[in-house]
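Hi everyone, thanks for coming. I'd like to walk you through a structure that may be new to you, so please have a look at it with me.

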Amino acid sequence: MIPFIDLKTQYKRLENEIKSKIQTVFEHGHFIMGPEIEEVEQKLSQFVGVKHAITCSSGTDALLMPLMAWGIGPGDAVLTTPFTFIATAEVIQLLGAVPVFVDIDEKTFNINPIKLREQIEKLLENGKLRPKAIIPVDLFGLPADYEEINTLARDFDILVLEDAAQSFGAEYKGQKTCSLTHAAATSFFPAKPLGCYGDGGAVFTNDDELAEQLRSIRIHGQGSNKYENIRTGLNARFDTLQAAALLPKLDIFPEEIVMRQKVAEKYSSGLKNKVKVPYVPKDRISVWAQYSVLAHDNEERAAMQKWLGENGIPTAIYYPIPLHLQKAFSHLEYRPGSFPIAEQISKKIFSLPMHPYLTDEQSTKIIDILLSYKSTYNQE
Ligand SMILES: *Cc1c(COP(=O)(O)O)cnc(C)c1O
């Protein structure tokens, strides 16, 4: 069986460095907010090219904390995509604000800026909810349309929080993700492009005041000392052992991004006449958190997945149910048909194994097996 994501090969490559970094933490004993936290934050902010990287306990908390700092709550609307992982919209609802979904672009699978403008105008006309923030998601590692989104944010005085959980290291018009908006959140969940060995995340911003608020929120809303609490916060610190493990991984990350491009390019040229392969606009670089293709329809997807599975190739579906049709958001009263593009894509999409260490032999096998699937449709 070819692994869907291969963390073992990377570990073997970095075993000595990782073990020695972790050993250092056991020896110095500063398990909470140890020196590796500051070290990794400096390297992360340098990598992205922003002033502040604030590490935290997960990608979910990295989304939650800026919304808390901005005072988002009841009466506020936060606009986002229905075609994402639950966490993106969960944090909005957790704060008592209302997630307002906007359909996606059928080529990039990211939020559609034209529909975003329409939805903001509708909210303003309606007057019930204040549109306070937008959370664009860089799905599968491909940056959203930040030029258009930032223009909207300026026009309507709305904050933008980039959900870069899947896109750390990607680029938009020559700039790294996490540097494109007022604030950005990423995740170091093991399966993300830059993963640690447990949960972890980080927020990025150039805003000094926001950075200070985030550092306070992640430690129980602390003030100038440990026992002064100036706001309601969280226990959302990044673990020192995880920071230690992340350091050697960050060193080789630029090289791994290039390795991911090679796999994706080979897939796309091999499969373009069999399935709809991912679209990457010329001004963007994806980090390929997932390599996702579209079958002709739901039935063909099921048959292709079965065929691949029988031949030792795992596949996955991100995401089978768009968020507006999830029970957790049923009170928002969306219906099938509310976001036709997200709904159509969710029925046809599936992802192939993707990681930097996929060998030439493995990718050739995956392509050959998918090509040998007997389509009952004529591909154009
Ligand atoms: C993984 C993910 C998150 C949440 O990250 P965790 O570290 O698992 O909390 C948020 N948004 C998106 C788009 C994700 O893929």
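Let me start with a question: which backbone nitrogen does the side chain of His-355 reach at 3.0 Å? Before the answer, please keep in mind that this is a predicted model.

The nitrogen belongs to Tyr-357. The side chain of His-355 also reaches the backbone nitrogen of Leu-358, at 3.1 Å. To find the spot, go to the loop between strand 12 (349-352) and helix 11 (360-371), where His-355 is found. With a relative accessible area of 1%, His-355 is buried. Leaving out residues up to four places away in sequence, His-355 touches Pro-3, Phe-4, Ile-5, Asp-6, Arg-260 and Val-263.

Apart from its neighbours within four places in sequence, Asn-311 is in contact with Lys-365 and Ile-369. From Asn-311 to Val-280 is 31 residues in sequence and 29 Å in space, C-alpha to C-alpha.

Now let's step back to the whole chain. The domain assignment gives us domain 1, residues 7-247, and domain 2, residues 253-371. Their centres, taken over C-alpha atoms, are 24 Å apart.

How much area do domain 1 and domain 2 bury between them? About 3,500 Å², with 67% of it on carbon and sulfur atoms. Three phenylalanines deserve a mention here: Phe-83, Phe-101 and Phe-140 supply 19% of the area that domain 1 buries against domain 2, more than any other three residues. In terms of contacts, 43 residues of domain 1 meet 38 residues of domain 2.

There is a polar side to this as well. Between the two domains we count 17 residue pairs in polar contact, both residues being at pLDDT 80 or more. On the side of domain 1 that touches domain 2, helix 1 (7-28), helix 4 (87-94), strand 3 (98-101) and strand 6 (171-172) each supply at least two residues. Strand 3 gives the largest share, four residues. By type, that side of domain 1 divides into 23 nonpolar, 10 polar and 10 charged residues.

The count of salt bridges between the domains is three.

Glu-15 and Lys-19 meet in one at 2.6 Å, N to O. Why are these two about one helical turn apart? Because they are four residues apart in helix 1. Glu-15 is partly exposed at 27% relative accessible area, and Lys-19 is partly exposed at 46%.

Next comes Arg-218 with Glu-41, whose closest N and O atoms are 2.8 Å apart. This pair links distant parts of the chain, 177 residues apart: Arg-218 is in the loop between helix 7 (208-217) and helix 8 (240-271), and Glu-41 is in helix 2. Both count as buried, Arg-218 at 4% relative accessibility and Glu-41 at 9%.

My last pair is Asp-76 and Lys-132, in a salt bridge at 3.3 Å, N to O. Asp-76 lies in strand 2 and Lys-132 in strand 4, so the pair ties together parts that are 56 residues apart in sequence. Asp-76 counts as buried at 1% relative accessibility, while Lys-132 counts as partly exposed at 26%.

Note on methods. Residues numbered from 1 in each chain as written. Predicted model: local features only at pLDDT ≥ 70, side-chain atom pairs only at ≥ 80, totals over all residues. Heavy atoms only, no water. Domains from an automatic or database assignment. Contact = heavy atoms within 4.5 Å. Buried area = accessible area lost by both parts, 1.4 Å probe. Salt bridge = Lys/Arg side-chain N within 4 Å of Asp/Glu carboxyl O. Polar contact = N/O pair within 3.5 Å; in protein donor to acceptor, adjacent residues only side chain to side chain. Nonpolar A, V, L, I, M, F, W, Y, C, P; charged D, E, K, R; others polar. Buried < 20%, exposed > 50% of the residue type's maximum accessible area, 1.4 Å probe, protein only.
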